[in-house]
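Hi,

Here is the structure I promised to pass on. My notes on its cavities follow below.

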Amino acid sequence: MPATSTTNPRILLVDDDRAVLQTYLRALRQHAPLLAEDGLAARKILSETPVDVVVCDLEMPRMNGLDLMRWARDNCPHPEWIVVSGQGTLDAAIAALKLGAFDFICKPIQSALQLQTVVANAARHKELVTEVTERRVMEVAIRESERQLRQLVENLPELAWSARADGYIDFYNRRWYEYTGTTFAEVEGWGWQAVHSPELVDQVVENWTRSLETGAPFEMEFPLRGADGTFRWFLTRVSPLRNGDARIARWFGTSTDIDDARRARAEREQLVIDLRQAVELRDEFLSIASHELRTPLTALQLQLQGTAHLLERLNNPINTKFLTKLEVANRQTNHLATLVNGLLDVARSSLGRLTLEPDDVDLVDLTHEVIERYTPEAHNAGCTIQLDADPEVRGLWDRARMEQVVTNLVTNSIKYGSGRPIEVRVTSADGWAHLVVRDHGIGIPPADLERVFARFERAVPSKHYGGLGLGLYITRQIVEAHGGTIEVSSEVGHGATFTVKVRLRPDLHRHAGHQAVNQVSV
Amino acid sequence: MSEITCSGILVVDDDDDIRDTIIQCFGDEGYEAAGARHGKEALDKLRSGGVLPCMILLDIMMPVMDGRAFRAEQLRDPRLSDIPIIVVTANANLGEVEAELQTAGALRKPVSLKQLFKVAEAHCGKPTGPGWTA
């Protein structure tokens, strides 16, 4: 039996003798061979169909075997040739072998087995040749793609390298050598540790070893020593390249210089820290300063009140003049105290120390008291204040802070109300308290509506209106610390309306106001 | 109702300016007033004999002995425990402080002269001294 091949070879039988062809056909029936009765017919088949083995008579009319072979060499994928020579065509047979024929058989053919064996050998040879050729083509392609990859890697701006599956580095790109100033011999395998910083090298080795064990990609930031001896930070990423069977074949790594970005990031972070500290320091100073200012102010206020009290008691006509002066001094001192308290509140709220002490408060009652207190001031400014309120609006709030809110809004409306009537409304609905303070004064330009609640801001030139511009800022801090909202709507020349909404029972934590802490943005 | 007779007011506050001003104002009005810089000094003064005050104005935050500690000591001393205390605090919730220290009253910082005279009159009656005269 002929050696069987894994694939069924395609066979072409060429002979001008039909009887011979029939003999061949019987021997090779299992391969379903193609038949041609002369060279031209064979050429036609060969140009149309890929054939593995040709059994070809040398002596044929029109086109003989050798001519057919010569034509085939340049015009079709190379089949294996078995030439059949009769007596006296030995020279032709030798010529055929020189042309690359695989074998030759002398006529008459001894047996079917002989033919089968020769054809099988040729077929197997053809198969081997094909395999070798294909492999060679593939190798060339691989080599070419490797060359392209190498060129790509060599020209990368990053340091790049590759390692065997066991982590032994056997290639570094040009950039690596340029940066580190090392030679391959120095850094081959695990020699790269020489350019790492002593503090981090153990960690790098540990992480790299773990990646090698688990097959997980490696990513780490570490410094590498340059040729000039200074270290720069790199971000290094290494990925495994896996075979068809999912086993790791190689590792590919790149190290990207992130030194500048890292330094910039560190500087930025430091700047934010410094800025925060500066802001905190300023607020701390404000807090201490205003606290310290308060004590002598209180003593001063008491002295002024005491003096006025005595003068009243003595009831001497000349004292009236002194009383008027004292009243002015007293008013100025009170004003000073308000400013100092404002500063303290601002400092506290930005330090997150605006504490709330919830108490059962009737907002209507409280508003009524405030309005009563400021009626003389309103009178001096030529306005009236009208209160329109529910019988009571009770809630759980910090009494003093809520009083501050009402006071700030009422004094604000007196200040900017242009002597026109002021309306105050206190109502409640659905668990919320509403406080609306409306004046008909100068109003606020649309562009400034957002700013009025900011620190040290006011919507009018400070030349015409005194104060530090803290009132509405503190008011909003207090309202928000109570979990509420404050809004303003206004039309220039037609006054402003401030609307405060707070829950009747807000969820108050003792130290509210943290939302205002150090909002530093860079 | 029998007339309350004043036997003086003790002002306990660590701030010299505030304390002296309050004492001076009480004096001008015709009340006897004395001062102590902290709870310990106040206790020493009260225990050194003599007439007890009819009211103590007590600050909370003080060095050496604060207002709370003083109040606790005072309540332990049967000779002193009945003296009415008016606590002066920065805490807005006066009711809470009053309840905690069981005081006769509480004033919110900063105090006004009107408030001081009001509590003095309530606990010491009308001033008995001549007060300030020209």
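The second largest cavity has a volume of about 30 Å³. A cavity here is a set of points on a 1 Å grid over the protein atoms alone where a 1.4 Å probe fits but cannot get out, and lining residues have an atom within 4 Å of a point. Points are joined across faces, edges and corners, and the volume is the space filled by probe spheres set on them.

This is a predicted model, with local features needing pLDDT of at least 70 and side-chain atom pairs pLDDT 80 or more, while totals for chains, interfaces and linings use all residues. Residues are numbered from 1 along each chain, chains are lettered from A and ligands numbered from 1 as written, and side-chain values use heavy atoms, without hydrogens and water.

Back to that cavity: its lining includes Gly306(A), His309(A) and Leu310(A), plus Cys25(B) and Phe117(B). Helix H9 (259-314) of chain A and helices H1 (16-29) and H5 (113-124) of chain B each supply at least two lining residues. Helices are DSSP runs of H or I, at least four residues, and strands are runs of E, at least two, numbered from the N terminus.

The largest cavity comes to about 130 Å³. Of its 13 lining residues, those closest to the centre are Trp161(A), Ile169(A), Trp192(A), His196(A) and Phe222(A). S8(A) gives the largest share of that lining, 3 residues.

Elsewhere, Val500(A) sits in strand S17 (496-503) of chain A.

Cheers

Definitions and conventions
On a 1 Å grid over the protein atoms alone, a cavity is a set of points where a 1.4 Å probe fits but cannot get out, and a pocket is an open set with protein on both sides within 12 Å along at least five of seven lines; lining residues have an atom within 4 Å of a point.
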